[in-house]
Amino acid sequence: MTKHIIDAAQVEQHNAKLKAELQADYDALGGMLSRRGVDIEALTAKAQTFGVAVPSWGAGTGGTRFARFPGKGEPRDVTEKLEDCAVIHQLTRATPAVSLHFPWDKPADPKALRQQADELGLGFDAVNSNTFQDQAGQPATYKFGSLTSTNKASRELAVQHNIDCIELGKTLGSKGLTVWVGDGANFPGQSNLRGALERYIDSARGIYAALPDDWQMYIEHKLFEPAFYCSVIADWGTSFAVAQTLGPKAKCLVDLGHHAPNTNIEMIVARLAQFGKLGGFHFNDSKYGDDDLDSGSIDPFQLFLIFNELADSQARDGAGFNPSYMLDQSHNVTDPIESLMSSAVEVQRAFVQASMVDRVALAGFQESNDVLQAAQTLKKAFRTDVSPILAMARLRSGGAIDPVAAYRAAGYREQVAVKRPPKAGASGSGIV
């Protein structure tokens with residue numbers, strides 16, 4: 001039996017107050033959708049199948065390059081991060097897996113950590129390696145690169161760390177490794193641009209060789225930061241070329257915030273899916289040069305358009321098309337649990353809205369070059385408020401009709417603030 005962090009009776013009391021109103025909204029939406037020929041029950045059942053992983057580091061308070069303001073009752077170790085992640089899934093029923101980051105989350109006893117996750121009803125998504133900062137006592141530095149360093153000892157250390165992450169992940173039940181490096185240059189001439197990528201590929205081959213047969217290696221790109229002149233894996237084209245070079249277990253990971261402003265991310269999604277190299281997503285949002293805002297907080301239409309391409313690829317490619325979904329955010333001024341719950345709901349919203357697109361009509365308008373009606377077909381689905389569907393899916397799956405309200409009413413943050421006094425020098429996020 002799954003252990004509930006928040007008393008299930010409290011969640012039931014919360015739901016009892018809102019059930020009648022939800023049912024009225026659900027019936028009204030169902031009537032409208034029925035006139036369109038859309039079955040609300042089918043959409044609700046589909047919503048219940050949706051899952052997006054939460055990042056362990058997202059449960060802690062993040063920071064900026066200037067400062068970090070610790071949060072009340074933030075988790076101090078990986079076991080406390082799992083407790084917070086369990087709260088998110090208990091209330092949203094949309095976040096069944098956690099993505100760990102090593103060495104931030106390296107457990108003393110991996111089997112015990114997996115047992116804790118099992119008791120909480122959680123699984124483990126892809127594990128993440130960290131070669132963008134030196135650890136205490138590290139024999140070689142990553143200051144001038146890790147997988148691409150001109151220093152052979154640094155490259156070997158980075159490769160071995162990734163292999164260690166795979167071994168930890170195997171014990172935890174993970175099936176993937178996400179590789180992101182901050183390698184690059186801050187000055188023209190600092191690095192041989194071709195040579196750096198050659199070293200990356202050579203290092204990545206060593207990691208790829210250690211992958212179990214049923215694992216995937218997700219190659220993540222980022223336009224800039226901390227390398228402000230050029231990043232080695234800066235765009236989807238470089239990521240794609242590396243994935244093609246390494247082999248079928250290597251796929252591209254798309255972080256929504258890692259692109260130049262106004263980049264057509266949905267087209268990137270379509271291209272990678274077309275050639276079988278779309279491995280998964282890190283969902284967040286971006287306004288300027290930031291890349292870790294709450295999902296759907298800035299451009300929900302873009303999120304919808306991405307899921308529209310995913311729905312198209314699912315229809316074309318069938319069950320074999322199964323990209324990995326994860327949130328990747330930094331919460332500096334909000335309660336991380338509230339932000340992660342809200343983001344999970346927004347990603348699920350886009351998933352359901354994209355499922356409502358009349359694909360037969362859309363294909364007809366595209367074929368006949370009826371530009372306006374093609375665009376309006378997408379807008380019709382996007383403008384439909386599917387909140388009652390999401391809330392009903394949560395209710396039927398044992399979650400909360402209003403996750404944030406239920407969370408606040410339970411007083412969880414205040415309770416853990418007593419149990420988790422601040423630890424000097426510790427960060428729940430691991431980022432700063």
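This is a predicted model: local features need pLDDT of at least 70, side-chain atom pairs count only at pLDDT 80 or more; totals for chains, interfaces and linings use all residues.
Visitor: Which residues touch the most other members of the largest nonpolar core?

Guide: The largest nonpolar core holds 106 residues, and those that touch the most other members are Tyr200, Phe281, Phe283, Phe307 and Ile389. Helix α10, residues 336-355, supplies the largest share of this core, with ten residues. As a general background, nonpolar side chains in soluble globular proteins tend to be buried together.

Visitor: And what does Phe281 touch?

Guide: Leaving aside residues up to four places away in sequence, Phe281 touches Leu253, Val254, Leu256, Val269, Ile306 and Leu310, and its contacts also include Pro323, Ser324, Tyr325 and Met326.

Visitor: Switching to pockets, how much space lies in the second largest pocket?

Guide: The second largest pocket has about 820 Å³ of space. Its lining is made of 39 residues, and Gln314, Phe321, Asn322, Pro323 and Tyr325 are the ones that lie nearest its centre.

Visitor: Which element gives the largest share of that lining?

Guide: That is α9, which contributes six residues to the lining of the second largest pocket. At least two lining residues each come from β8 (216-220), β11 (278-283), α9 (300-317), β12 (324-327) and α10.

Visitor: How many lining residues are nonpolar, polar and charged?

Guide: Sorted by class, the lining of the second largest pocket has 20 nonpolar residues, twelve polar ones and seven charged ones.

Visitor: Back to α9 for a moment: is Gln302 buried or exposed?

Guide: Gln302, which is found in helix α9, counts as buried because its relative accessibility is 15%, and the cut-off for buried is under 20%. Not counting residues up to four places away in sequence, Gln302 touches Thr263, Ile265 and Glu266.

Visitor: What about His259, where is that found?

Guide: His259 sits in the loop between β10 (250-255) and α8 (265-274), and His259 is buried, with a relative accessible area of 12%. Beyond residues up to four places away in sequence, His259 touches His221, Leu223, Val254, Ile265 and Ile268.

Visitor: How many Å apart in space are His259 and Gln314?

Guide: From C-alpha to C-alpha, His259 and Gln314 are 24 Å apart in space, and they are 55 residues apart in sequence.

Visitor: New topic, then. Which residues of helix α4 are buried?

Guide: In helix α4, residues 110-119, the buried residues are Pro110, Leu113, Gln116 and Ala117. They lie on the same side of α4, because they cover an arc of only 115 degrees around the axis. The buried residues of α4 pack against α3, β4 (123-124) and α5 (152-172).

Visitor: And which exposed residues are on the face turned away from that buried side?

Guide: The face of α4 turned away from its buried side carries Lys111 and Asp118, which are exposed. After α4 comes Gly121, which has a positive phi, near 75 degrees.

Visitor: Which residues are buried in α15?

Guide: In helix α15, residues 412-419, they are Tyr412, Arg413 and Val416. These three cover an arc of only 90 degrees around the axis, so they are on the same side of α15. What covers the buried residues of α15 includes α3 (78-92), α10 and α14 (403-410).

Visitor: Which residues other than glycine have a positive phi value?

Guide: Arg93 is one of them, with phi near 55 degrees; Arg93 is in the loop between α3 and β2 (97-99) and counts as partly exposed at 29% relative accessibility. Asn369 also has a positive phi, near 60 degrees, and is found in the loop between α11 (359-367) and α12 (371-382).

Visitor: Is Asn369 buried or exposed?

Guide: Asn369 counts as exposed, because its relative accessibility is 63% and exposed begins over 50%.

Note on methods: Residues are numbered from 1 along each chain as its sequence is written. Side-chain values use heavy atoms; hydrogens and water are left out. A nonpolar core is a set of buried Ala, Val, Leu, Ile, Met, Phe, Trp, Tyr and Cys residues joined through side-chain atoms within 4.5 Å. Buried means under 20% relative accessible area, exposed over 50%, partly exposed in between (1.4 Å probe, protein chains only). Helices (H or I, at least four residues) and strands (E, at least two) are DSSP runs, numbered from the N terminus. Contact means heavy atoms within 4.5 Å. The arc is that of the directions from the helix axis to the C-beta atoms. On a 1 Å grid over the protein atoms alone, a cavity is a set of points where a 1.4 Å probe fits but cannot get out, and a pocket is an open set with protein on both sides within 12 Å along at least five of seven lines; lining residues have an atom within 4 Å of a point. Grid points are joined across faces, edges and corners, and a volume is the space filled by probe spheres set on the points. Ala, Val, Leu, Ile, Met, Phe, Trp, Tyr, Cys and Pro count as nonpolar, Asp, Glu, Lys and Arg as charged, and the others, Gly among them, as polar.
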